[in-house]
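These are my notebook entries on a structure that I consulted one topic at a time.

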Amino acid sequence: MIYGDKKTGILVQGATGKQGEFHIGLMNNYAREVGGRGVVAGVTPGKGGLQVHGVPVYNTVKEAMGEHDIGASVIFVPAGAAADAIMEEANAGIETIVCITEHIPVHDTMKAIAYATMQGSAVIGPNCPGLLSPGEVKMGIMPAGLFSRGNVGVISRSGTLTYEVVDELTRAGIGQSTVVGIGGDPVIGQTFVDVLKEFENDPQTKAVVLIGEVGGNLEEEGAKCTDLPIVAYIAGISAPPDKRMGHAGAIVEGGEGDARSKIARLKKNGVPVASRPSEIPDMVRKLFCGC
Amino acid sequence: MKLREHEAKMVIREFGIPVPAGFLIRTAAELPAHLDALGDKIVLKAQVDVGGRGKAGGILMADRKSAVETAEELFRKEIKGLPVKEILAEQRLDIQHEYYLSITVDRASKQPLILFTEEGGVDIEITAKENPSAIRRVIANPLMRDLPPFMLRELAGKAPKEIMPIINKLYRVFLEKDALLAEINPLVTTPLGIFAADAKIIVDDNALGRQGFTVNRDLTERECEAEKHGFSYVELDGAIGVIGNGAGLTMSTLDLIEFYGGKAANFLDVGGGAESERVRHAVRLVASVPTVRVIVVNLLGGITKCDEVARGIIDADISQKVIVRLAGTNEAEGRRLLTEKGYEMLPTMDLVVKKAVEVTR
């Protein structure tokens, strides 16, 4: 597993909001199931002293860090406050920052990520479902019931499409090491390259499923940089140019980032590409048996 | 959202970048009042939201005498099917050399990317392919409000040094206006100095509010309606309506339709935690598209309540066939409700899509 394990203490920013409260509950249910630490502290400015599902809430990240051993955070604050939340956590020294928040202006994201990078933090997202390592830890909003523990890493720009693929893998008896949703925005912290590097150093991960979509070329660039066996899937082959397909980052612009050319470049680099999600499990199985 | 040329020019002028004297007119009769300021040589540019406007006849040259008549001619035209409602009348520049300058968001470095080439005026994509070394590229740190002089020197190369402050001013525009793209093509030298002969700015849709825009003009009427409900919506031209949750899953559903030989009518992402009311709106919206003959609903997720979704579909009560794939909480209850009313619910996305394609054959 990558980006944390059972022993990782998690902080939630936006702990007293509807989303924050709901998902602290689910993350800690999961932590109880697997014997992990889960969410140990929450932060909402001005709400210090409250408790959410028994988790103490602080006014600032630094205060929470003073009281708890924290290695990762999950952000649920509104778009206008999210860049600030990322920077506050990076400043406090949190290693892994997962930002669930959607609709953050790109310029805010660019600044927050530039700052977090200077501070040595890894940002996952924004506009992502977070990550889940079956049997270890859940940081974010992924529905834990679909997952099973195993040797396949999953990296995806999407949320529900990831659940679809994970569900297919689990039904086919293929377990996962860590499933990372890296986010649907044009600018995101950890890209395919970064996550693949983490998977390379993870003894549990033997193969990777890469779920990309139209926009940019980071899937191909990532696949080029790794020795791990990969199966890829690219959504948006039917996406018209210059239209944003739901995700701010899913757009074919200036004739670049369309699915067909992405798929062609992946295949050129020897990466098998599934033409639909239901093909993925068989293709993963082929990677393992080498046939 | 893309700003129109006259808006983009107004923005860059505020930041101190010289633009030609120009006036926005809505009728040819407004033109004579501006002729003294425009001088003898004039260019008339239709303000329509399409690319390749020049080649489509949307830019006409005129002089003082012919200006009103030429404006009348341009107002009568349609540019790629769009009527000309506004014209930007500008002083025509005596161009000596054309440069290209643009600033975009670079996904790989996660930072602003500045491009400058001394071979401006032509299609930048062609230069990028045929002579990539002619394009100078610099990546900036978004935490810096100004570009350091060495970056400006690197970009400008042998171009006149007056170009350097203009590059920095456009960088300020890019940062302060939440731009995804700020472009001057061409940036020109003339005997009167340097001017931005054309300007293009695309503002981040997620920053429209704080940039003072109340509506996103890039959206069609139905896209606006969808936005009101918080849906992402894109219209296509097939017969199969699509409703999904999550952008990736919805896109993948569209692709699967193509895979099985069908054609999607639209992309609609209802977002997370779909309740019956939202689903009802989504189904009605897609059903209102005249080409839609069948609708595929593909919803998956831990917190989606299938009975809520089922109620939404039933309440929408539309005439077209709806084929449903639902997975999540209360799945059995959802299936019971739908089956009772005669709707078809299938267990996988492959099956719902195959079925929908069969129906439209």
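Predicted model: local features only at pLDDT ≥ 70, side-chain atom pairs only at ≥ 80, totals over all residues.

**Entry 1: B:Leu38.** I located B:Leu38 in helix α2 of chain B, which covers residues 35-38. Leaving aside residues up to four places away in sequence, I noted that B:Leu38 touches B:Ala21, B:Ala89 and B:Gln91. I also looked up B:Leu74, which is 36 residues from B:Leu38 in sequence. From C-alpha to C-alpha, B:Leu38 and B:Leu74 are 18 Å apart in space.

**Entry 2: chain B as a whole.** I recorded 12 helices and 18 strands in chain B. I then asked why chain B is described as more spread out than a compact globule. Its radius of gyration is 26 Å, whereas the globule rule gives 21 Å for 361 residues; the value is well over the rule, so chain B is more spread out than a compact globule. Along the principal axes, I read a span of about 80 × 50 × 40 Å for the C-alpha trace of chain B. I noted that 44% of the 361 residues of chain B count as buried. Turning to contacts in chain B between residues at least 6 apart in sequence, I found that 67% join residues at least 24 apart.

**Entry 3: where chain B meets chain A.** I looked up how many residues each chain brings to the contact. Chain B gives 38 residues and chain A gives 45. On the chain B side, the elements with two or more residues are β13 (232-235), α8 (247-259), β15 (266-269) and β16 (294-305). The most comes from α8(B), with 11 residues. By class, I listed 18 nonpolar, 11 polar and nine charged residues on this side of chain B.

**Entry 4: the domains of chain A.** I noted that chain A is divided into domain 1 (10-124) and domain 2 (142-289). Their C-alpha centres lie 26 Å apart. Nine residues of domain 1 of chain A are in contact with eight residues of domain 2 of chain A. On the domain 1 side, α4 (106-119) and β7 (122-124) of chain A each supply at least two residues. The largest share, five residues, comes from α4(A). I classed the residues of this side of domain 1 as eight nonpolar, one polar and no charged.

Terms used: Residues numbered from 1 in each chain as written. Chains lettered and ligands numbered in written order. Domains from an automatic or database assignment. Contact = placed C-beta atoms within 7 Å. Helix = DSSP H or I, 4+ residues; strand = E, 2+ residues; numbered from the N terminus. Nonpolar A, V, L, I, M, F, W, Y, C, P; charged D, E, K, R; others polar. Rg over C-alpha atoms; globule rule 2.2 N^0.38 Å. Buried ≥ 20, exposed ≤ 12 C-beta atoms within 10 Å, placed from the backbone.
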